[in-house]
Amino acid sequence: MSIRFEASWCGSDLGGHRPCPNTYERYSHDSLPPLDERRFKGTFEWLGGSTGTAKDRVTELRAVTDELDLKGLSLPQDFITYFTSANLRDVLGDPWLTCCWNSLSKPIPSPVEPGAYLVRFFRDQQDCVLWYFYLRPGSSAFVVHSHLEYEYEYEAHHSGGECNGDSDIDDLDEQMEALQYCAPTFEEWAYRFWIENHISEAVASGDKPSSDEDVHAYLNHYRTSRQHLPSV
C-alpha cells in the first residue's frame, strides 16, 4: 500500500486575507481557494503559453531523465514544458518576494517508501522550504514540500558521523511530518505559487492587489469564507 501524505500548502503572507506570522506557514488544503482543474492542460495558457526552447535546460534535464529512465520513472510533462521553455523558464523565480528559484536535483530515494524517489525542482533562498516531485512506479508524479534538503540529509547520513543532518533519515514518523503533499500536478502548483506571489508582492509594497479577474477570484475565497487555518 502506498504512503498517504498529510496535505498542506506552504505559503506566505496574503495580508488580511491570510496572515502569515513567519516567512512561510503551512495551510490546510481545505482552506485554500479551489482551482479549476480543467484550466491546467500542461500548456500554461495563463502565462501566454510556451514558446521557444532553452537548449541549456534540455541538456540539464537529460541528465535527470536518463537516470529516472533506469528506475522506470519519469518527470511530469508539464514540468518539462515549463523547464525547457525559453519564455517560461524563470517566470517563477527571482525577483519574487521570498527569492526562490529553479533548482533541479538528481533522483533522491524517498525516506518513507522503498522504490519511490524525490526530484527537487524549486527552493527558497535560505532553504526554508524546498519543493520536490514525488515519483513512484506506476503512479503519476505529484508535488510535495519539506524544510529538509534531502540531498544533504542523505550525504550526512552516509558520512559516518563526519557531519550531522537536520533530521533522522531513518525515523519514519519524523520524515512523514517533514514531507507533505502539496499539489496534484506541477502546473497547478505553479499557478497557485504564481498568483500568491503577485498578491504577496502587493501586500509588501503597500499596494492593493491587482484587480485582475484571477486575483479577485482567489482573494474572494478568503473574503467569503474566512476559514484559513494554519497547520502547525
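Tutor: A search of the whole structure finds 31 aromatic pairs. Here rings of Phe, Tyr and Trp (its six-membered ring) pair if their centres lie within 6.5 Å; planes under 30 degrees apart count as stacked, over 60 as edge-to-face and the rest as tilted. The model is predicted, so local features need pLDDT of at least 70 and side-chain atom pairs count only at pLDDT 80 or more, while totals for chains, interfaces and linings use all residues. Residues are numbered from 1 along each chain as its sequence is written, and side-chain values use heavy atoms, with hydrogens and water left out.

One of the pairs is Trp46 with Trp194, which is tilted, at 5.3 Å centre to centre and 55 degrees between the planes. Trp46 lies in the loop between strand 2 (25-28) and helix 1 (55-70), and Trp194 in helix 5 (residues 186-205), so the pair ties together parts that are 148 residues apart in sequence. Helices (H or I, at least four residues) and strands (E, at least two) are DSSP runs, numbered from the N terminus. Trp46 is buried, at a relative accessible area of 13%, and Trp194 is buried at 16%. Buried means under 20% relative accessible area, exposed over 50%, and partly exposed in between (1.4 Å probe, protein chains only).

Tyr134 and Phe142 have ring centres 5.3 Å apart and planes at 25 degrees, so this pair is stacked. Tyr134 is buried, with a relative accessible area of 0%, and Phe142 is buried too, at 11%.

A ring can also lie under a charge, which requires NZ of Lys or CZ of Arg within 6 Å of the ring centre and within 35 degrees of the ring normal. The charged end of Arg18 sits over the ring of Tyr27, 4.1 Å from its centre. The charged end of Arg57 sits over the ring of Phe83, 4.4 Å from its centre.

Phe83 belongs to helix 2 (residues 77-84) and is buried, with a relative accessible area of 1%. Leaving out residues up to four places away in sequence, Phe83 touches Arg57, Glu60, Leu61, Arg89, Asn102 and Leu104; contact means heavy atoms within 4.5 Å.

Helix 2 itself is mostly covered, with six of its eight residues buried. Those residues are Asp78, Phe79, Thr81, Tyr82, Phe83 and Thr84. The cover over them includes helix 1, strand 3 (100-102), strand 5, strand 6 and helix 5.

The largest has 47 residues, of which Leu75, Phe79, Leu92, Phe121, Trp131, Phe186 and Trp189 touch the most other members. Two or more residues of this core come from each of strand 1 (8-11), helix 1, helix 2, strand 5 (117-124), strand 6 (130-135), strand 8 (180-183), helix 5 and helix 6 (213-225). Helix 5 gives the largest share, eight residues. Another core, of 17 residues, lies apart from that one and includes Ala116, Leu118, Tyr132 and Tyr134.

Definitions and conventions: Core = buried A, V, L, I, M, F, W, Y, C linked by side-chain atoms within 4.5 Å.
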